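Visitor: I have a model open and want to learn how to read it. Can you take me through it feature by feature?

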Amino acid sequence: MDGMLDFQVILDNFTYFMIGRYPSGPLGGLGLTIYLAVVSCILSFFGGLILGLLSLSRIALIRYPVNMFINTLRGLPLLMVIFWMYFLLPALMGKTVPENNTVIMGLTLFTSAYMSQIVRAGIEGIPKGQVEAALSTGLKHWQAMLYIVLPQGMRNMIPSFVNQFVSLIKDTSLAFIVGVSELTHVGTQINNRTMAFPTEIFIFIAAVYFVLCFTFTSFSRWLEGRLAWRKAI
Amino acid sequence: MLKYNFDWSIVTSGKYFEWLVSGLKITLEISAIGIVLAFILGLLIAVMKMSHFRPLRWVASAYLEFFRNTPLLIQIFFWYFGSYKILPTVVNDYLNNTNFEFAAAVIALTIYTSAFIAEDIRSGILSIPKEQMEAARSAGFSYLRSMQYIILPQAVRITVPPLVNQFLNLMKNSSLAMTIGVMELTYQARQVESYSFKGFEAFTAATLVYLVLSVSLTALMDLYNKRVLNPQRS
């Protein structure tokens, strides 16, 4: 043991941890972490919805490729997906892509695959009778899905979506690897600059992530209990 | 569309191929050691969490919540860069004499994964109906013996698929060890890319390796589900 921990370094760099060089420079630190997580979450919500619905399509020519795509993404480490984006996006678009967008794309693709499984489970949890009833009232199959099944399934999906958001917050830390100055990156930067306080810095960063993630984990549990209670009536 | 000359031979033979193979070996090594340690630790935490002694339950809950709600990357950095200030000197000396990057990665991955495994084990045990325990107790088994002969054998069967899943997660997560210089598969793919500028080939090779591993294990698990868990359906 090397003596006492000294958290002064945290206080000295507190705003840098929270917002980076903002407002005189780009947003960084915790602010950027939240930005990345929220944007990727919104995008992958729709991505997951589309992939989930397509993976349940009655047309095999759609269903099989989509399922293969989803399983491929789920079989890869997120880091690999981010590296792919890092190399593929500039090649495909013919110009350099800002790192923030690279990471958002990687996170969105990766998380969409997981979200699609939630959507799928949510839809499969709705009794078949609902679709049959909807079809017999004259709705088309896609209408039955969109207006009858999805709204009911969505309620069961919400807690899982929130959990996925928590994973997403944790996953944004990987943006550090391609040089996006979010919380983890800021932490390693300050660590490299100050040299003597790695323990304090990483405990602090872990605590920040913990507070953020635990809040949402608890929220999801609360939601789960509440939604289950409503269903019982 | 792309002006790029593919040269697959560089990743199927020669120096770069050997790099990738050595990377795969380290990935598998970390995953194998990690899953065994994480299972033991996870079992311990699960038992603590279900204990009737409250402080033990609190400790287990705090452990679970903390390690599940912080990014793995931060945990890796903590063990690699920051743990020396809070670990006893003996442990530090020992770690400095081993391959410290590898050790830090294994410690971080083990602890992170154990928190998820503990929940899987716990829900496996909780999924066995209470009546099983009651019936075992009224047949004269003690609490521990009922656990040993009645509850656990059933729970273990249910817990196998989630455990395999955790093993796959562990394997995928071990790619983060590259950030502290462990030369596993993703690290080597990156190396090949920066030495040969053949990024597509290198990353395709690594991607395929990850996919083969996860697809084959998933297929095995499906088979297990069909044959062992729901034999009447097949």
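Guide: Start with the ground rules. This is a predicted model, where local features need pLDDT of at least 70, side-chain atom pairs count only at pLDDT 80 or more, and totals for chains, interfaces and linings use all residues. Residues are numbered from 1 along each chain as its sequence is written, while chains are lettered from A and ligands numbered from 1 in the order in which they are written.

Visitor: What average pLDDT does chain B have?

Guide: pLDDT is the predictor's confidence in each residue, from 0 to 100. Chain B averages 92, and 98% of the residues score at least 70.

Visitor: Which elements of chain B have the lowest and the highest mean pLDDT?

Guide: Elements come from DSSP runs: helices are H or I with at least four residues, strands are E with at least two, and numbering starts at the N terminus. In chain B, helix α1 (residues 9-12) has the lowest mean, 85. Helix α3 (residues 54-68) of chain B has the highest, 97. For the complex, the predictor gives an ipTM of 0.92 and a pTM of 0.92.

Visitor: How many helices and strands does chain A have?

Guide: Ten helices and zero strands. The C-alpha trace of chain A spans about 70 × 50 × 35 Å along its principal axes.

Visitor: What share of chain A is buried?

Guide: Count the other C-beta atoms, placed from the backbone, within 10 Å of a residue's own: 20 or more is buried, 12 or fewer is exposed, and in between is partly exposed. Of the 233 residues of chain A, 38% count as buried.

Visitor: And what share of its contacts joins residues at least 24 apart?

Guide: Two residues are in contact if their C-beta atoms, placed from the backbone, lie within 7 Å. Take the contacts in chain A between residues at least 6 apart in sequence: 69% join residues at least 24 apart.

Visitor: Now one residue. Why does A:Y86 count as buried?

Guide: Because A:Y86 has 20 C-beta neighbours inside 10 Å. A:Y86 sits in helix α5 (residues 78-93) of chain A. Leaving aside neighbours within four places in sequence, A:Y86 is in contact with A:T102 and A:V178. A:T137 is 51 residues from A:Y86 along the chain, and their C-alpha atoms are separated by 49 Å.

Visitor: Which residues does a cis peptide bond join?

Guide: Check omega. The bond between A:Y22 and A:P23 is cis, with omega about 0 degrees. A:P23 lies in the loop between α2 (14-19) and α3 (29-55) of chain A.

Visitor: Where is A:M195 found?

Guide: In the loop between α9 (183-194) and α10 (198-232) of chain A. Look at its backbone: phi of A:M195 is near 65 degrees, a positive value in a residue other than glycine. A:M195 is exposed because 8 other C-beta atoms lie within 10 Å.

Visitor: What is phi of B:F197 near?

Guide: 60 degrees, again a positive value in a residue other than glycine. B:F197 is in the loop between α9 (185-196) and α10 (199-229) of chain B. With 10 C-beta neighbours inside 10 Å, B:F197 counts as exposed.
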